[in-house]
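Here are a few notes to read alongside the model. Have the structure open while you go through them.

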Amino acid sequence: MCASKLRRKSIIWNISAAVFLLMWSYSWDAHADDCNDLIPDEIASRVFFENRDSRSVLEQALNVAGMSRQGTSPGFALLAGVSHYPKLPKTEQELKPAAEDIKKLANYLVDQEHFDEVVVLFNDDMTEQNLGYFFRDYFPCRLEKRKAQKPRFLFAYSGHGVNAGGVNGYLLTSDAVSLTARPRTREGVDLRIVRVQFDNIIEAGYQTLALINACFSGYFVRQAFGERILPPQREGAFAITAGGANELTWHDASLGSGSIFFEHLLLGLDGRASLTDDGVVSVNELSAYLKDSVSVFSEDRQNPRPADLMVGGSPGGFFFLDRRKQVENGVVTAWNPSALRAFGGLSSTPRSANPAEPHGGGQPRRLEQYRAWGVYSYIDNSGAKVCYALTIPQEMSPSSAPPQEIFYILQRRQDGSLEHSFVANKDLDEQYKVQVSVDRAVPVDFFSRGKEAWIENSSSEGALTTTFKAGARMSVDAPLASGRTLRYEFMLDGISSAIERLERCAQ
């Protein structure tokens, strides 16, 4: 990923430690310790472990997709990235979307995909030596011991990339001194070396996928895999790079705080990338979706490139669970990138666009998450406790990619009533009404000021709240000051429980 005109503003997120091994290793996996003994002491001293037994949740998730744990293991992941380059010129030292990508992916793989292990190599620990260790030793050990259970393995990278004389690409480390010159040994990792090392994973594993978001990342791939149907029960090895060998990759704050590539990937996993009703998003479905959505969004400046990495072609392929079906069946709560855990188990709160500090300066904390709705509280400047529930849109039209920093909020007043408000990321047209409707019923008018809108007739709030409780989906038609009108679709899953929690919030 490179500095670009598309990048206007991103959210700051600091990772307190460089490398964590987030291990959700099931207690019955007796082989884990054998592989853990291979971890070098200098890395082990910085590794964080956490264990939980979520076999029942995983089994339920796979059943939604017509599969069972007996036939399909969850997964392992190596996430790598760099967002801080202290040796580059000052204006180029920070690449915050890379940090956002890694944080979102780590949370997503654990919370939505139920992965066994997620290893994160970040900033100073994203080196050729450490990548090689996990590619050559640790993960081949883990995958070989679990191969009978058909494990999935995902490698994802986000950070700067360069090409050298137009013949090869490199992933820059935090020691990089230039975004144009060929990096020296400690300054970059040759994509050819990464590709060769990844063969160890392919040989030891069952289903593997590499997702590389960096400028010139197309140097990693070899041959496209076309439009073949790739069944998720069979083995396969694939890669999808964020762009071609001679293309830059981009960030746009209107889409989200991460890169265009990974923001679209997470959007596609809600089912919009799926072409069938089988409960999964296959690698070829995801590839087709990314090629279309990223290319259109970037006006053909960035074109994801897929490739089959298995000699002779893969008979099957990697898959993700269809997030929308998982939510509909109650297996997981709705994906909310505004309320993610930081590495090391520390909880994070919604970003400060509006919901984090809606009417005061107190630091909010999340009380509960009820599917699509989170409930938060904070202490305002007068010392009073403020409680509110919020959700984010799942869809936006005419575009299929809803940007972040858009919220619908229910805030509890001192008298116990609920104030409805809508928060956009762009100025609204105050001459026209924002309209809110539930399940396509008669809309309720909201008036707007700046980027926020409130119900025009406050006496209608109680009826709207009741309608929310009985509804399934809520839409907001928002006229923007730019002249466009956008429709945002929100899920009402969990709203009744969220409202009940608000009623108890002041107690």
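1. A term to start with: a disulfide here is a pair of cysteine sulfur atoms within 2.5 Å. The structure has 1 disulfide, and it joins C387 to C505, with an S to S distance of 1.7 Å.

2. A quick word on the source. This is a predicted model, where local features need pLDDT of at least 70, side-chain atom pairs count only at pLDDT 80 or more, and totals for chains, interfaces and linings use all residues. Residues are numbered from 1 along each chain as its sequence is written, and side-chain values use heavy atoms, with hydrogens and water left out.

3. Back to the cysteines. The torsion about the S-S bond of C387 and C505 is about -75 degrees, so the disulfide is left-handed. This pair links distant parts of the chain, 118 residues apart: C387 sits in strand β15 (residues 385-391) and C505 in helix α11 (residues 495-505). Both C387 and C505 are buried (under 20% relative accessible area, with a 1.4 Å probe and protein chains only).

4. Now for a helix pair. The axes of α7 (residues 260-272) and α8 (residues 283-297) come within 10 Å and cross at roughly 130 degrees (axes are lines fitted to C-alpha atoms over the stretch in contact, and angles run from 0 to 180 degrees between N-to-C directions). That makes α7 oblique to α8, oblique being what remains once angles under 35 degrees (roughly parallel), over 145 (roughly antiparallel) and 65 to 115 (roughly perpendicular) are taken out.

5. Who touches whom? On α7 the contact (heavy atoms within 4.5 Å) includes I260, F261 and L265, and on α8 it includes L286, Y289 and F297.

How values were computed
Helix = DSSP H or I, 4+ residues; strand = E, 2+ residues; numbered from the N terminus. Buried < 20%, exposed > 50% of the residue type's maximum accessible area, 1.4 Å probe, protein only.
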